[in-house]
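Q: Could you take a close look at the aromatic side chains in this one, and then at the charged contacts around them? I'd like the cut-offs spelled out as you go.

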Amino acid sequence: MRIPCPFCGERDSQEFVYRGDASPRRPEGKDGFYDYVYLRDNVIGEMAEHWYHAQGCRNWITVLRHTRTHRIAAATLSRETPA
């Protein structure tokens with residue numbers, strides 16, 4: 001799989017570290033913390049994911065990827081992705 005890094009261009013996925021789903025937001029208090037840490041949906045279709053470019057520019061990237069076909073629709077710096 002090739003991931004389009006906003007800084008480095010298209011790179012092999014082996015240069016990246018996969019963090020997972022980019023949609024969960026950390027709860028303010030204790031309520032919902034278990035769900036935040038342990039429960040995830042198994043999405044079929046497009047999903048926003050966090051990837052860390054460890055062997056490149058060392059930036060966190062939000063990638064919009066189809067989980068079945070691995071087609072990547074977009075890749076942006078995570079700090080520029082709206083919350």
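A: Let's start with the rings: Phe 16, Tyr 18 and Trp 51 are linked by ring pairs into a cluster. Here, rings of Phe, Tyr and Trp (its six-membered ring) pair if their centres lie within 6.5 Å, with planes under 30 degrees apart called stacked, over 60 edge-to-face and the rest tilted. Keep in mind that this is a predicted model, where local features need pLDDT of at least 70 and side-chain atom pairs count only at pLDDT 80 or more, while totals for chains, interfaces and linings use all residues. Residues are numbered from 1 along each chain as its sequence is written, and side-chain values use heavy atoms, with hydrogens and water left out.

Searching the whole structure turns up 5 aromatic pairs. One of them is Phe 16 with Trp 51, an edge-to-face pair at 6.3 Å centre to centre and 85 degrees between the planes. This pair links distant parts of the chain, since Phe 16 sits in the loop between E2 and strand E3 (17–21) and Trp 51 in strand E4, 35 residues apart. Strands (E, at least two residues) and helices (H or I, at least four) are DSSP runs, numbered from the N terminus. Phe 16 is buried at 7% relative accessible area, and Trp 51 is buried too, at 8%. The labels work like this: buried is under 20% relative accessible area, exposed is over 50%, and partly exposed is in between (1.4 Å probe, protein chains only).

Tyr 52 and Trp 60 make a tilted pair, 5.1 Å centre to centre with 40 degrees between the planes. Tyr 52 is partly exposed at 23%, and Trp 60 is partly exposed at 40%.

Now for the charges. The structure has 3 salt bridges, each being a side-chain nitrogen of Lys or Arg within 4 Å of a carboxyl oxygen of Asp or Glu. In one of them, Arg 65 meets Glu 49 at 2.6 Å, N to O. Arg 65 is in strand E5 (residues 60–66) and Glu 49 in strand E4 (residues 46–52), so this contact ties together parts 16 residues apart in sequence. Both Arg 65 and Glu 49 are buried. Another salt bridge joins Glu 15 and Arg 11 at 3.7 Å, N to O, and Arg 11 is partly exposed at 32%.

Charge and ring also meet: the charged end of Arg 40 sits over the ring of Tyr 36, 5.9 Å from its centre. That label needs NZ of Lys or CZ of Arg within 6 Å of the ring centre and within 35 degrees of the ring normal.
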